Amino acid sequence: MKLREKHRHLVFWLAILGIVVLCPLRSHAYAGPGAGFAVLSSFWTLFVALLYSVYAFFVWPFRQLLRLLKKRKAYGNAQIKRAVILGFDGMDPELTERFIAEGRLPNLAKLRDQGSFRKLRTTYPAISPVAWSTFMTGVNPGKHNIYDFLARDLSNYLPYLSSAEIKGPKRSLKIGKYTVPLGGARIKGMRKGTPFWHWLGEAGIFCSVIRVPVTFPPEKFPGVLLSGMCVPDLKGSQGTFCLCTTRATGDKFREGGVRVPVERDGSVFCSYVPGPEDPLKPGSGDELRVDFEIRPDKTGTQARFTVDSQTFPLKVGAYSEWIPVKFKAGMGFGAHGICRFYLKELAPEVEVYVTPVNIDPGQPDLPISHPVTYSIYLAKLFGPYATLGLAEDTWALNEHVLDDDAFLAQCYANHDDRERMLFDALEKTQQGLCACVFDTTDRVQHMFWRYLDEDHPAARDVPHDQHPQVIQDLYARMDALIGRVMKQIDDNTLLMIVSDHGFKSFARCVNLNAWLHQNGYLALKDGKTESGDWFEDVDWSRTRAYTMGLNGLYLNIKGREREGIIAPGADADAMKDELRRKLDGLIDSASGRVGITGVFDCDAVYAGPYVDNAPDLLVGYGDGFRASWDSVMGKVTSAIFEDNLKAWSGDHCIDPRLVPGVLFCNRKIAEEKPAIVDVAPTVLKLFGLALPGHFDGRPWTVTAPEAVR
Amino acid sequence: MASLGINLPASIVAGISVVIGLLMVVVFRYTSDQKAIHVAKDHLKAHLLALRLFQDQIPVVIRSYGRILLATGRYLRLAFMPLLFVSVPLILLLAQIDRYLGSIPFEMGHPFLVSARVAGAEAFSDATLELPAGLAATAPAVHVPAENEVVWRVVAEREGSFLVNVKTSSQASAKQVVVGSGMPRLSAMRLRGQFWKRLLYSAEPALPQNDVVQMIEVQYPSREIAFAGLEWNWIWLFFVLSLAAGFLFKSILGIEI
């Protein structure tokens, strides 16, 4: 019966096809808008491709001639055809050696044995934006102007992002209560110096650069680049997640997130995703929103989400795909973003975590790549992807909004996207430079070091034998990636694995502002024993030194700071010496360990035109210590040392001598103590280019390869 | 309507185009794999962008051309099934509309041809045309043996709907002929058998199966519709307008095509 039914269906469809094909009627020339679209769209694409190929065909000889001339210059003295640099942010040499010894990292072991493995000296301080800026420019921070994530405004002692400044449009038109922006946002890169791929590009060597930190805003050069760390979210922050909840709790998140109420309307739950400030009402604090609905199913394990006009099902404990959201401001203004929803709970309460709203790479409102079409190309090829600089939401795990598994799932989803981009770049860059930085190593170590440390305060309630092997798995995963890359390269390709710094436990917090207060260097307003964020209760007229950010210590210098009291010159130098003497070797009485192992005078550490923007001293914390969360935010507490109870349990913002990075290479490197500042000159030299005179780094002696596959 | 300055045929075509444009995109939406079409289109765009981004990498450019072709093929394959769902009812519908909008009736005093195809030599030589009052033959019948067809030239003396009869020695077969103006339902031919052809071309009942006459046909003049300063065949006007409507509705409804 079934067969006959099937047969009948076949006959029916064949008959229909027969009519269409065999009985020509003039109306057959057009079979509806569907066909029209299909034909028009595909033929339009082909037509554009054809047109472009004709154009390319005619200009190709000229371009090739130009390229040959450039290439002769570039590759004339080149020792390599291609350089592949994989950056693993925070990959630690000691852990790597340990895991190699345990047989977990066969590919890195092969690289070490047949090529080179060294500890890579990092920058002062050992912080990613600083180290990666040095990596790309080949100069010390005094020449690239990045000293920390944050810099301070001398006029008000408040912080600002050190890498980029985003301002509203230059001109606007006031219409009643609305301000219509005339033009786009103004973005100014604060990192100085020239990335080495600019030199390569100008010499005719093609470069694909993916997610190297501090490349926002993207700079123009002959190659393609996708910006990494420091790209903001759509709100302009470095990542603001959102917890939509029916729970009536008023607690604000300490960092990185907002709580949004979920309202019940019958069987439907309604909430919204907060977006950027209304561009038509700048300064009003009015934010744009995208509403969404949640319709739980009867089982209570799944719900149907409606966001704008999109609907999708979501199970409890699962992430959605990237969902495009458009924040509409009226008059045609708005912003395009993407975010992911994570359904935490449906009963008894409803809770949904929403990632920070990332700039939509398919239609970026701010440039996040060079050329701007590169981010679009990647979005079309692989689908939407995280664009936020700090895309892995460490704050959400710190605040217990995400659990370990949800955080890891987010990290590895982003990582998988990055891998796809890398392999596409490898395919597209058969000659030239392919550089890609993976942040997963940094974020996962920050958040899961507590399971590596036998007595970490943040994991004391979990028996040591039950600690998950998160970091071990992370390194094994990176090793597998390296193995796949090694299969794609030939003997003319230089493969370099670098990390900007290593990692150590962060078990104890040091509130340096508290120490400065208790030792008479920082004064509070009368009657105050502590200060709120950003020196809220600090009496600047009696304050000689203060700290904000991760490692910088500043003197309150007369004529430099708004209310400075220390005279520059001899007085300032004396104060620096005094502070260095007192802080170096500072003991944590509770643990009996050294909390600070070095204090460095920035005048001695840095040289260059931007030294004036540097802190006065850099504090090198000891193994197991770091600046406290409060101290980083300019808060003064009563305790100097305290336990770190947050999931963020590993760190590297300590004495740079304790956290070198890694350097693996498929060639022999003669230098015993290479530094990250040497990478740029080494790559330029291997491509046969002359080194710019301002470089601080020195090229390594790299000898011919033994085939490492 | 014409006296009010309204171009009725153009208005009808516009109305039909908008309705069908909407219907078709909705049908397309529910009969297609929207996500796969979205991905296929995105891949097409990506490979196009690759041509520009990596223009100096000749192997990349060549690979991108290949991928554009592959992606186009994938897109056409994905569009084929919904196309089938959309095309079949649409073709039948268009065939019906074509009877009103495709042609105009004969004008009074203007000659036209009536042709009949018959089976058998006897019937071929015997066939005659019987005309009602108001229609008159203006020339003797022309026999085309190779086609088994007999052709008469006829002129209308007044407006109206007439039945002409093709007579053979044994039978008489009628065919409607319309003379005048407006948008009456016109049938260019009357057929024996040939179900699909009748469905698409004829607006009259089938000729009896035992009839020696296989087909009677008249050639109504094509209708030209004035729109946007141009003279259009209705099907091309429908093509343009329904496409525009489809684009509009697909954007409004967020349908991937």
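**A walk through chains A and B**

Let's start with chain B, which has 6 helices and 11 strands. Its radius of gyration is 25 Å, well over the 18 Å that the globule rule gives for 257 residues, so chain B is more spread out than a compact globule. Keep in mind as you look around that this is a predicted model. Along its principal axes, the C-alpha trace of chain B spans about 80 × 50 × 35 Å. Of its 257 residues, 36% are buried. And if you take the contacts in chain B between residues at least 6 apart in sequence, 66% of them join residues at least 24 apart.

Now find two helices in chain B: α2, residues 34-53, and α3, residues 58-101. They pack at an angle of about 160°, and their axes are 9 Å apart. Angles over 145 degrees count as roughly antiparallel, and α2(B) and α3(B) are therefore roughly antiparallel to each other. Their crossing is left-handed. Which residues meet here? On the α2(B) side they include B:A36, B:I37, B:L44 and B:L48, while the α3(B) side includes B:V60, B:I68, B:Y75 and B:L78. Sort the residues of this contact by type and you get 14 nonpolar, 4 polar and 3 charged.

Staying in chain B, move along to B:K167, which sits in strand β6 (residues 160-167). Buried or exposed? B:K167 is partly exposed, because it has 16 other C-beta atoms within 10 Å, and "partly exposed" covers what lies between 12 or fewer (exposed) and 20 or more (buried). Leaving out residues up to four places away in sequence, B:K167 touches B:A127, B:T128, B:E130 and B:A172. Also have a look at B:D126: this residue is 41 residues from B:K167 along the chain, yet their C-alpha atoms are separated by 7.9 Å.

Time to hop over to chain A, where the secondary structure comes to 17 helices and 38 strands. A compact globule of 709 residues would have a radius of gyration near 27 Å, and chain A has 28 Å, which agrees. Its C-alpha atoms fill a box of roughly 100 × 70 × 60 Å along the principal axes. Of the 709 residues of chain A, 50% count as buried.

Chain A has a helix pair to look at too. Helix α10 (residues 404-428) packs against helix α11 (residues 440-448) at an angle of about 170°, with the axes 10 Å apart. That makes α10(A) roughly antiparallel to α11(A). The contact is made by A:F407, A:C411 and A:H415 of α10(A), together with A:T440, A:R443, A:V444 and A:M447 of α11(A). These residues divide into 4 nonpolar, 2 polar and 1 charged.

Most residues other than glycine have a negative phi, and most peptide bonds are trans. Against that background, the bond from A:Y124 to A:P125 is cis, with omega near 0°, and A:P125 lies in the loop between β2 and α5 of chain A. The bond from A:F216 to A:P217 is cis as well, with omega near -5°; look for A:P217 in the loop between β9 and β10.

As for phi, A:D308 has a positive value near 55°, in the loop between β16 and β17. With 14 other C-beta atoms within 10 Å, A:D308 is partly exposed. A:F535 also has a positive phi, near 60°, and lies in the loop between α13 and β27. A:F535 is buried, with 23 other C-beta atoms within 10 Å.

Conventions: Residues numbered from 1 in each chain as written. Chains lettered and ligands numbered in written order. Predicted model: local features only at pLDDT ≥ 70, side-chain atom pairs only at ≥ 80, totals over all residues. Axes fitted to C-alpha atoms, helices over the stretch in contact; angles between N-to-C directions. Helix = DSSP H or I, 4+ residues; strand = E, 2+ residues; numbered from the N terminus. Parallel < 35°, antiparallel > 145°, perpendicular 65-115°, else oblique. Left-handed = near helix turned anticlockwise from the far one by under 90°. Contact = placed C-beta atoms within 7 Å. Nonpolar A, V, L, I, M, F, W, Y, C, P; charged D, E, K, R; others polar. Rg over C-alpha atoms; globule rule 2.2 N^0.38 Å.
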